[in-house]
Amino acid sequence: MKTNLRELPPLVRIVLVLTLVATIGGTQIFGFRIVGLAWFIPLVFSLVVLSENFSRHIAFPVKIWVMWGLFVIIHMVLSDAVHSLQRSVMLLVPIVVGVAVSSLKITDHHLFVFEKQYTRMSIIFFVIALFKAGVLTSLQLPTTGALAAEIMTGAMLCCLFAASYALGNARALFSWIMLSIIPVITLTRAGMVVTGLSFTLTFSPLKLWKRVLSFLAVLAAGIAIFYSDRVQKIMFFSGSGVLADMSLSNPNFATSGRVYIWSLLQEGVGEAPWFGHGANVSEELISFYIPGLAHPHNDWLRFQYDYGYVGVSIFSVCVVWQIVDAWLMARKSSGRAKVLFYAAASSFPVFMLFMLTDNIVLYAAFFGNFQFTLLGLAYSSHYHHSKEGKISQTGD
């Protein structure tokens, strides 16, 4: 059955298209970077949708994220750090998108069309990644790491295909394999690990033997890739090393300057341990010591510095709460809504792993908006499906 992108609600279309457009990047429209527009435009459309659907039922469990939202807003108001408004808004954009999508009436047909579109999107994304890595133009594999943000989009899609496979779609495995190859090609170290684990860590009811077998396969492939010349050269300054040499204290281990950046923030954490230094103050600190650099490549440490232990705790509780709620909803749902719930729940461990070595919380255009769109679609579909079922029973 042929499907068309126009069959989806405008907001969902915008998120899908702009997530893909963000992976292209590198250009500007009217002086604005495409990556920036890719999170700003969904935010504007989400606010418009919410204003129009204010009286409708919002299926998304807003209560899960209220405390985090208020905490971020209070810190934003009190902070005078550079870009504190923009960075704070970017933290909350995915939640707003998810809430807005959940206010739409999502049918089974919408989810069917959405599945077809994200499957096509994965193929286009694969080609874009190969082109940006220079593989299609030079017919050679790159020797330096690249496309970290784009790999996060691939990991998000991997969560979808892993969940779909676990629920009976055998063809989804080929899509997962295709996407999991990308970080190997682009030499994105964290991406290789996290994407590889996305299959094993899925919250979907994957059979135990498949889960164990997938882990062993990823482990074996990971070790083989680790000892390849391409990876050895980006892992160690000397060009060679063993697994035991991957230590932050090892001067031969190439961390791309992360150890120095992290030490700057760690030294300041004790000065304001509970509530942090304020929204985006970490960017000012890093920019002062390393001109031209703004982010620490460790979002957990960023949160600890900016929002303190209280902020990190609130965020962690919200994430765990959302995982549990999505998982419970998946067990009560059926069909494609079930796939989306499991995929969204599974995406949070992936998200948290990326937080250890990168700035995924600010990559709303690459990961967050798509992630919460899954939640919005699933919650809305489940709500309206349940509502129609009750009406049908009453009619009987």
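Reader: Leaving aside its neighbours within four places in sequence, which residues is V361 in contact with?

Author: Bear in mind that this is a predicted model. Leaving aside neighbours within four places in sequence, V361 is in contact with M90, L91, D299, R302, F303, F351 and M355.

Reader: And where is V361 found?

Author: V361 is found in the loop between α15, which covers residues 335-354, and α16, which covers 364-395.

Reader: Is V361 buried or exposed, then?

Author: V361 has a relative accessible area of 8%, and because buried means under 20%, this residue counts as buried.

Reader: How far apart are V361 and F303, in sequence and in space?

Author: The two are 58 residues apart in sequence, while their C-alpha atoms are 9.9 Å apart in space.

Reader: Changing topic, what about the largest nonpolar core, how many residues has it?

Author: The largest nonpolar core has 110 residues, and those with the most contacts inside it include W65, W68, F114 and F303. Helix α7, residues 148-166, gives the most to this core, with 14 residues.

Reader: Which residues does W68 touch, not counting those up to four places away in sequence?

Author: With those left out, W68 touches L91, L92, I95, F303, Y307, G311, I314, F315 and C318.

Reader: What lines the largest cavity?

Author: The largest cavity is lined by 15 residues, of which L91, P94, F315, F351 and F372 lie nearest its centre. Among the helices, α16 gives the most to this lining, with four residues, and by class the lining divides into 13 nonpolar, two polar and no charged residues.

Reader: And the second largest cavity, how much space lies in it?

Author: About 70 Å³ of space lies in the second largest cavity, and the residues that line it include R87, L91, R302, F303 and D306. By class, the lining of the second largest cavity has five nonpolar, three polar and three charged residues.

Reader: Last one, what about helix α1, how many residues has it?

Author: Helix α1, residues 10-24, has 15 residues and reaches 21 Å from its first C-alpha to its last, close to the 21 Å expected at 1.5 Å a residue. Just after α1, G25 takes a positive phi of about 50 degrees.

Note on methods:
Residues are numbered from 1 along each chain as its sequence is written. This is a predicted model: local features need pLDDT of at least 70, side-chain atom pairs count only at pLDDT 80 or more; totals for chains, interfaces and linings use all residues. Side-chain values use heavy atoms; hydrogens and water are left out. A nonpolar core is a set of buried Ala, Val, Leu, Ile, Met, Phe, Trp, Tyr and Cys residues joined through side-chain atoms within 4.5 Å. Buried means under 20% relative accessible area, exposed over 50%, partly exposed in between (1.4 Å probe, protein chains only). Helices (H or I, at least four residues) and strands (E, at least two) are DSSP runs, numbered from the N terminus. Contact means heavy atoms within 4.5 Å. The expected span of a helix is 1.5 Å times one less than its number of residues. On a 1 Å grid over the protein atoms alone, a cavity is a set of points where a 1.4 Å probe fits but cannot get out, and a pocket is an open set with protein on both sides within 12 Å along at least five of seven lines; lining residues have an atom within 4 Å of a point. Ala, Val, Leu, Ile, Met, Phe, Trp, Tyr, Cys and Pro count as nonpolar, Asp, Glu, Lys and Arg as charged, and the others, Gly among them, as polar. Grid points are joined across faces, edges and corners, and a volume is the space filled by probe spheres set on the points.
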